[in-house]
Amino acid sequence: MMTNLVRMRLLDETIQEIKEIDPHTAVTKNFIRQLVLENKIPCMMVGRKRLINFDELLKYLADLSQEQSEQASGIRKIPEKLTRVA
């Protein structure tokens with residue numbers, strides 16, 4: 001019986017795998033560290049190190065890029081406080 005294992009990686013391993021997927025990535029250790037500290041992606045403490053859920057990180061990045069492309073496709077309304085009164 002085969003179970004679906006979650007890919008848990010240390011920070012350096014996470015960056016290495018992302019760079020294998022996309023050699024020109026702009027994702028940095030600091031960016032991933034910040035996502036973990038803000039609880040945007042799950043991790044597990046093992047001693048003093050964090051194991052990052054690699055699959056959830058990829059999902060988060062995919063969702064983030066989809067969300068940004070949806071925002072870019074429409075015209076935003078200018079907030080009232082920024083509109084000029086004539």
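Student: What makes L11, I15, I18, V27, I32, L35, V36, I41, I52, F54, L57 and L61 a nonpolar core?

Tutor: In this predicted model, these 12 residues make up the largest nonpolar core. The term asks for buried residues of nonpolar types, joined through side-chain atoms within 4.5 Å. As a background point, nonpolar side chains in soluble globular proteins tend to be buried together.

Student: Which residues does I41 touch, if we leave aside its neighbours within four places in sequence?

Tutor: I41 is in contact with I32, L35, V36, I52, E56, L57 and Y60. Contact here requires heavy atoms within 4.5 Å.

Student: How do you know which side of α1 is the buried one?

Tutor: Start with its buried residues, which are L11, T14, I15, E17 and I18. They span an arc of only 165 degrees around the axis, and therefore lie on the same side of α1.

Student: And what makes the buried residues of α2 one-sided?

Tutor: The buried residues there are I32, L35 and V36. Their arc around the axis is only 100 degrees, so they too sit on the same side of α2. The face turned away from that buried side carries N30 and L37, both exposed.

Student: Why is N39 called exposed?

Tutor: The cut-off for exposed is over 50% relative accessible area. N39 has 69% relative accessibility, so it counts as exposed. You will find N39 in the loop between α2 and β2.

Student: What about β2 and β3?

Tutor: Strand β2 (residues 43-46) is joined to β3 by four bridges, again antiparallel. With at least two bridges required, this counts as a pair. C43 stands opposite I52 in β3. These two strands form a hairpin with two residues between them, and G47 in the turn has a positive phi of about 65 degrees.

Student: Why are β1 and β2 called edge strands?

Tutor: The open sheet has three strands in the order β1-β3-β2, with antiparallel pairing. β1 and β2 each have a single partner strand, so one side of each is left without a neighbour in the sheet.

Student: How do the elements run along the protein chain from the N terminus on?

Tutor: The order is β-α-α-β-β-α. That comes to three helices and three strands.

Student: Which share of contacts with a separation of 6 or more joins residues 24 or more positions apart?

Tutor: Such residues account for 47% of those contacts in the protein chain.

Conventions
Residues numbered from 1 in each chain as written. Predicted model: local features only at pLDDT ≥ 70, side-chain atom pairs only at ≥ 80, totals over all residues. Heavy atoms only, no water. Buried < 20%, exposed > 50% of the residue type's maximum accessible area, 1.4 Å probe, protein only. Arc of directions from axis to C-beta.
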